[in-house]
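This report describes a single chain and its ligand. The sequence and the model come first, followed by notes on selected parts.

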Amino acid sequence: MSYQRDFERRIRIGLVGAGKHAYRNLLPALHYLPVTLTAICDLDLERAQSAAREYGVKGVYQKTSEMYANEELDAVLLCVSPQAHPELACEAFEAGLHVWMEKPPATRAYQVRAMIEKRRDRVCVVGFKKVFMPSARKVVEIMSDPKYGPVQNMLGIYPGGPVPADGEQTLRDQVPNDWLANGVHPVSMMLGVGGPVAAVTMHRGRRSGSVCVLEFENGCIGTLHIATGAAASQPAERYLFVGRGCHVEIENSLRLTFQRGIPYRYGVTTNYISEGFDHGAIVWEPQNHLSTLENKSLFTQGIYGELKYFCDCVLEERKPELGTLEFAYDVMRVYEAGLLSDAQRVELAAIE
Ligand SMILES: NC(=O)c1ccc[n+]([C@@H]2O[C@H](COP(=O)([O-])OP(=O)(O)OC[C@H]3O[C@@H](n4cnc5c(N)ncnc54)[C@H](O)[C@@H]3O)[C@@H](O)[C@H]2O)c1
């Protein structure tokens, strides 16, 4: 089923934070999910009221505690800020609710550990949307196939902002910065394919841009190139994942190219197009001439995927394996190590 009206079983949700992202992306995504939007809460009551009017929602609140006391909810979606998510998530767990929260989950890794302690049997998924992109799921499938994987090394290019120079102060004072706000996107993408990271080395360019070397626990190595200064309005993001005798590229989140190679001898092979259909590239790309679902950004960027996965886990009483708090902890530790590195190799175990 693809539309809210078709689902027989739905979970009752409250939305906390009806700001820009929730209004632009989360509320429209609910149209495709097994949910009943029961209440909206925002410190800015007018904002909550106007969204509630638009979506025909009766419960409107300024305080989460009042929403939990008055409404019969199964779950909340938190879309507030990394500063507020840990406390809001713990409060929701206390109220017996399942929690989906936007990235970043926190400003410090230890705050994620605190959420893990409070979670008990509740379902909790962090919205690392890139992990849920159809193109990312395909890379994981390819690299899980013994014929092609495991992943050996990888490259990410992401048009992010500067990595703060004073990492210790940034961590101590929990200063908002783009390495946290947006850096978690490519970091989650790379960890989603490569697994947990053992060591991080961050080089900050003297002009702009940074290069972050990720050494994965399983021996894979990766480079994240933060292309500060690239035009945010034009595609710059891309990933290359190298397997065994093959590689996979994701361009602009959409176009996935799986290079399987051809029968080849250096200086001898005369034709790059080999016979048959078992060699060469497979390319997936959404068509953009039909007004359907699979080509819409809510679907291609993983926003639908992250929310549908959460709803399914709640409905099926299943423990999530993607976007977990444990995964969020791994992402946050890379964030912290990147801040502390200053061109030195930082082993994550050393900053426990
Ligand atoms: N995944 C993505 O692509 C993506 C894109 C943009 C933003 N985000 C994330 O979404 C979150 C929200 O970002 P935004 O741009 O919508 O911010 P925003 O400031 O527009 O919205 C946040 C809202 O939360 C409300 N709020 C703050 N404290 C609250 C509380 N204690 N209880 C209830 N409401 C409270 C604010 O009044 C505001 O309306 C952030 O974590 C951000 O990183 C994700």
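## Helix α5

Which residues of helix α5 (residues 109–119) are buried? They are A109, Q111, V112 and M115. Viewed down the axis of α5, these buried residues fall within an arc of 155°, so they line one face of the helix.

What do the buried residues of α5 pack against? Their partners are α4 (85–94) and α12 (325–341). Just after α5 comes R120, which takes a positive phi of about 50°.

## Overall fold

The model is a predicted one. Its chain contains 12 helices and 15 strands. Along the principal axes, the C-alpha trace spans about 75 × 50 × 40 Å.

How does the radius of gyration fit a compact globule? For 352 residues, such a globule would have a value near 20 Å; the chain has 21 Å, which agrees. Of the 352 residues, 42% count as buried. Among contacts with a separation of 6 or more, 66% come from residues 24 or more positions apart.

## Helix α11

Helix α11 covers residues 303–315. At 1.5 Å a residue, its 13 residues should span 18 Å, and the end C-alpha atoms are 19 Å apart, which agrees.

Is α11 mostly covered or mostly uncovered? It is mostly covered, with 10 of its 13 residues buried. The buried residues of α11 are I303, Y304, G305, E306, L307, Y309, F310, C311, C313 and V314. α11 is followed by E317, whose phi is positive, near 50°.

## Ligand surroundings

How many residues surround the ligand? There are 24, and the closest are G17, G19, K20, H21 and E102. Helix α1 (residues 20–29) gives the most to this shell, contributing three residues.

Sorted by class, the shell around the ligand has 11 nonpolar, six polar and seven charged residues.

## Summary

In this predicted model, the buried residues of α5 line one face of the helix, because they fall within an arc of 155° about its axis. For α11, 10 of 13 residues are buried. Around the ligand, the shell draws on α1 for three residues, and G17, G19, K20, H21 and E102 are the closest to the ligand.

Terms used: Residues numbered from 1 in each chain as written. Predicted model: local features only at pLDDT ≥ 70, side-chain atom pairs only at ≥ 80, totals over all residues. Helix = DSSP H or I, 4+ residues; strand = E, 2+ residues; numbered from the N terminus. Expected span 1.5 Å × (residues − 1). Buried ≥ 20, exposed ≤ 12 C-beta atoms within 10 Å, placed from the backbone. Rg over C-alpha atoms; globule rule 2.2 N^0.38 Å. Contact = placed C-beta atoms within 7 Å. Arc of directions from axis to C-beta. Near = placed C-beta within 6 Å. Nonpolar A, V, L, I, M, F, W, Y, C, P; charged D, E, K, R; others polar.
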